[in-house]
Amino acid sequence: MEEVVITFDATIDAIHGEKLLAEAGLKPLVMPLPSQVKAGCGLCLRVRLEDGTRACELLCSHGVSQAGCFIRRLGQGGSTYEEWWEGSL
Amino acid sequence: MKHLDMLGQPCPIPVIQARRAMQAGEDRVTVDVDNEVAVQNLEKMAQGEGYRFAWEGLGEGRFRVELHKNGMQGDQSPKSAVEGTAQLTEFEAVNAYCGPRPGMTVLIGQDHLGEGAEELGRMLIKGFLFSLTELPIPPRQVIFLNGGAHLTTEGANTVPDLRTLEQKGTEIYTCGTCANFFGIKEKLAVGTITDMMNIVRMLAEAADVVSI
């Protein structure tokens, strides 16, 4: 399973971002900042891989700043995170 | 005869599914599992409920268990090794045949975590529930009551993570009285409805309880 994890510099941005993405029908999920990821505040949003680009664009267009985007892969040994940028999808 | 492919399924799922199949009227059920503990627990269940039991190795760590209601080769059906176990509820049967599973019991009585900023607390509880899915030993049970009942119903974005927990063997319960109070009993999206007697019994039998 793969999904896009969006991190934020400020907790309030994560809260606003969740509302924004939910209103857009992107069904964001919440998770704490994983220990493997160094950037961002303590809360992250997860969206489906295919919604990653749209989610980031929506956040940017509404002035919600992001600290970073990562791809989370869930394998037998747990979750791994790879830095993601729009061109990699 | 019914065959159950329980490869990759942790206990107590093979025991629960096999018991349900036998109780539904099957005379013979075969169960494929991939760990010896499941074989042992299925044998305990067979003894407890009075079924014939046999198993064979399939190689590569896989086993096939056979349960029969009737005796084989002229043998008489064994009597229940544990008096009255066929009358056990599913919850009691899991405890009797699989033993208390490891993992804490988590009691969640609100839809947010902590006090001070409720908006933040609503995010924190979601992060908390996700984190439970990452534990090497997932919780044995997560019980939701009062405002926590909103987290298990349609529309809550905590449901996918709770389903992940359920797939890992965690039992998810929602207080029926609470769901009824909020008018969301019909919208339950994960786990099962339970009552206060059962909640208290689970807490009394739990090795560790974390209350939120």
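Mentor: Let's start with B:Lys126, which you'll find in helix α4 of chain B, the stretch covering residues 118-133. Keep in mind that this is a predicted model. B:Lys126 has a relative accessibility of 15%, so it counts as buried, the cut-off being under 20%. Look across to chain A and you'll see the side chain of A:Glu18, with which the B:Lys126 side chain makes a polar contact at 2.6 Å. If you skip neighbours within four places in sequence, B:Lys126 is in contact with A:Glu18 and A:Val30 from chain A, plus B:Asn157 and B:Thr158 from chain B.

Now for the sheet. Chain B has an open one of 5 strands, ordered β8-β7-β6-β5-β9, and the pairing is parallel. At the edges stand β8 (192-194) and β9 (209-211) of chain B; each has a single partner strand, so one side of each has no neighbour in the sheet. On average, neighbouring strands here are turned by 25 degrees against each other, ignoring direction.

Zoom in on one of those pairings: strand β5 of chain B, residues 105-108, runs parallel to β9(B) and is joined to it by 3 bridges. Within this pair, B:Leu107 stands opposite B:Ser211 of β9(B). Then there's helix α7 of chain B (residues 196-205), which packs on the sheet and touches β5, β6 (141-144), β7 (171-175), β8 and β9 of chain B. The direction of helix α7 makes about 140 degrees with that of β6(B).

Notes. Residues numbered from 1 in each chain as written. Chains lettered and ligands numbered in written order. Predicted model: local features only at pLDDT ≥ 70, side-chain atom pairs only at ≥ 80, totals over all residues. Heavy atoms only, no water. Helix = DSSP H or I, 4+ residues; strand = E, 2+ residues; numbered from the N terminus. Buried < 20%, exposed > 50% of the residue type's maximum accessible area, 1.4 Å probe, protein only. Polar contact = N/O pair within 3.5 Å; in protein donor to acceptor, adjacent residues only side chain to side chain. Contact = heavy atoms within 4.5 Å. Pairing = 2+ DSSP bridges. Axes fitted to C-alpha atoms, helices over the stretch in contact; angles between N-to-C directions.
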